[in-house]
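Here is a short briefing on one model, taken topic by topic. Keep the sequence and the 3D view open while reading.

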Amino acid sequence: MSVSLELPKNSHSLAQAPSVVAYAVNRAFSVVATIGALTIIALVAYILYEIGRQAVPAMQQSGLRFLVDTHWDVQKGSFGILPQIWGTLYSSLLALLIGGFVGVTIAIFLTQGFLPPYLAVSFRTLIEMLAAIPSVVFGLWGIFVVIPFVRPGANWLNEHFGSIPFFSSSLSGPGLLPAVIVLSIMILPTVAAISQDAIGLVPYKIKEAAYGMGTTRWEAILKVIVPTAAVGISSALVLGFGRALGETMALAMLIGNSNQISLSLFSPANTLAALLASNFPEAAQTERQALMYAALVLLAITLIVNVIGTIILVWTSRKMGKV
Amino acid sequence: MKNKRKLFLAVVGACFAGQLGLACWAADLRLVGSGASFPFPLYSAWFKDFSRKTAGVTVDYQAKGSGAGIQDLINKTVDFAASDAAMTPEQISKVADGVVLLPMTAGEIVLAYNLPGQLKDLKLPRDVYPDIFAGKITQWDDPRIVAANPHIKLPNLPITVVRRSDSSGTTFVFTKHLSAISPTFKEQIGSGTTVNWPQSDKFVAAPKNDGVTATIKQTPGAIGYIEYGYAKLTKADTALLQNRAGKFVAASDASGAVALAGAQLPADLIAWVDDPAGPESYPIVSFTWMLFYQKQDPEKAKYLRELVAYGLTEGQKSADKMGYIPLPANVVEKVMAASAKIQ
């Protein structure tokens, strides 16, 4: 592709052709950007390849039984991760339910003029600061604050409503409920910040038009603004869910690391990330391969969640387009 | 004294300045080790002191865990390793240069518990505590526990067992002891660095000794196994265990030393004290080993031998202060003789 840098001789235009420097900077930037983008793709591919390569022996040995077996027995060399898959999905879904609801509510609260602007800004900064707290600190806070705090209520529920599967065991210490509470606080900043941006992007005109038609504030928020921002809000939820799936340290400290499948909110459980974190340092050959396999499963789950999220996004935006 | 201190400060200062220019590193012979986390507080004190007293030698030790230490030794990424679970013959056969296993210190494993009302001196008979960890006794006011403890009023509270979530030498020693005294525990759970604990809502796992300690401290009705040093440090309540002679014994330096005194070390220096005899013995004790290559660079070998000699003489003096059991004199002699194999 040849580019002519010269203007016609008799031009009276004030416009100038880009200088050689501007052209070179432009070219250089696009080359660097392309290399950067390709490196990231290559890196992801390499990580997948490396984990996959090390997982191959475990895949050959356990096959799909790995996904439905419930025992992690190092001595017999038989591994299964169904309880971990269950724990990962169950804890993340519950966290998304709590964290997502609170996050979207906060986003509405902070953007729809419930607060004077300077308070809204400082509130927002506070919530975003939650994202800067290290996972280990959340874990410690969970052990020393959340668990003692929820224990009496949990045990009361178990005593009086123990026949309901969700409350069928008592909470002694680490368990699903404290883990879910901490997890939902951890995903809160992600959900709140992105939904806030999404709601902020709704054109002012639309809001005014809604009011002009005689809606109340709540009708405007729930029937016009939130649906208009639905695409952004659902991507906030997908990102929050992804964060919850991969969260490691706080969960390893709080969930009790017990390989069992239970509906009860007060039972100890386990997650894939917690399994990896606690078993990797001392794993010998065969266990390491099984852990690599588990890591691959975790990657696959995250991928599937993201794909489903994207499909929902496309679907909602198409539906919105029709209205 | 004052002068000595000044000199030390000067050396430290010089090294610090030197490190910036990497001069100090280059001059040093570095001995790199990794492995067990249980003796880490003691080892790190030893190595610091040894490095200070021996000019030109620095010892670095990473507490990765027994399994990882053995792995490093097999992969030849370290000069020595440490393990609570010694080495299996299979692992030894993987090291082409040959291995020397030397017991360097010993420790006790205690059952720490958390009962509301600060109930002290809980006594656990030897047919009871294996059943707690096998998930058969689930209540603190179980008649068998009550019968052994007429002096305290046990609450109507479920027992929450706290175990290690990671693979651990502590688990290995503890389950080996339980398997030795309870055939049903041996049959159902067995022993190893990780075992299949019963599936129950009342079995929770926490990472590392300090994770287990924190969980016990935060959970009313919890019981778990930790190293004596950690219980000492956190002032956790620990149970009196019934030994082979039928007496209830608390963990202490003295009761641990008595238990070890009966140990007979074979030629390879791997001995387990699964169930020590003697009326004063604390029942759960174990040696912990350092692992060396038989063949290596002669200069390194010389300093490794010196390191062992330091640990066996000076080092034993600081052991009981830090919650470890000093090795009996006859063991020290045997280990010293065996250290000559490091060439």
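**Salt bridges, interface and surface**

Over all chains, the structure holds 21 salt bridges. The model is predicted.

**A salt bridge in chain B**
- B:D127 and B:R144 form a salt bridge through their side chains, at 3.8 Å from N to O.
- This pair links distant parts of the chain, 17 residues apart.
- B:D127 sits in the loop between β5 (123-124) and α6 (129-133) of chain B.
- B:R144 belongs to helix α7 (residues 143-148) of chain B.

**Extent of the A–B interface**
- On one side, 28 residues of chain A take part; they are in contact with 33 residues of chain B.
- About 2,300 Å² is buried between chain A and chain B. Carbon and sulfur atoms give 42% of that area.
- Within chain A, the residues that lose the most area to chain B are A:Q75, A:S172 and A:E282. Together they account for 27% of what that side buries.

**Polar and charged pairing across the interface**
- How many salt bridges are counted between chain A and chain B? The count is zero.
- Polar contacts are found there: ten residue pairs across the interface of chain A and chain B, both residues at pLDDT 80 or more.

**What chain A brings to the interface**
- Three elements of chain A each supply at least two residues to the side that touches chain B: β1 (72-73), α5 (135-161) and α11 (272-279).
- α5(A) gives the most to this side, with four residues.
- By class, the side of chain A that touches chain B has 14 polar, eleven nonpolar and three charged residues.

**A nonpolar surface patch**
- A:V136, A:L140, A:W141, A:F144, A:V145 and A:M249 make a nonpolar surface patch of about 490 Å².
- α5(A) provides the largest share of the patch, five residues.
- One residue in that helix is A:L140.

Conventions. Residues numbered from 1 in each chain as written. Chains lettered and ligands numbered in written order. Predicted model: local features only at pLDDT ≥ 70, side-chain atom pairs only at ≥ 80, totals over all residues. Heavy atoms only, no water. Contact = heavy atoms within 4.5 Å. Buried area = accessible area lost by both parts, 1.4 Å probe. Salt bridge = Lys/Arg side-chain N within 4 Å of Asp/Glu carboxyl O. Polar contact = N/O pair within 3.5 Å; in protein donor to acceptor, adjacent residues only side chain to side chain. Nonpolar A, V, L, I, M, F, W, Y, C, P; charged D, E, K, R; others polar. Patch = residues over 30% accessible without salt bridge, like charges linked within 9 Å, V, L, I, M, F, W, Y side chains within 5 Å. Areas by Shrake-Rupley, 256 points an atom, 1.4 Å probe, with all protein chains shown as cover.
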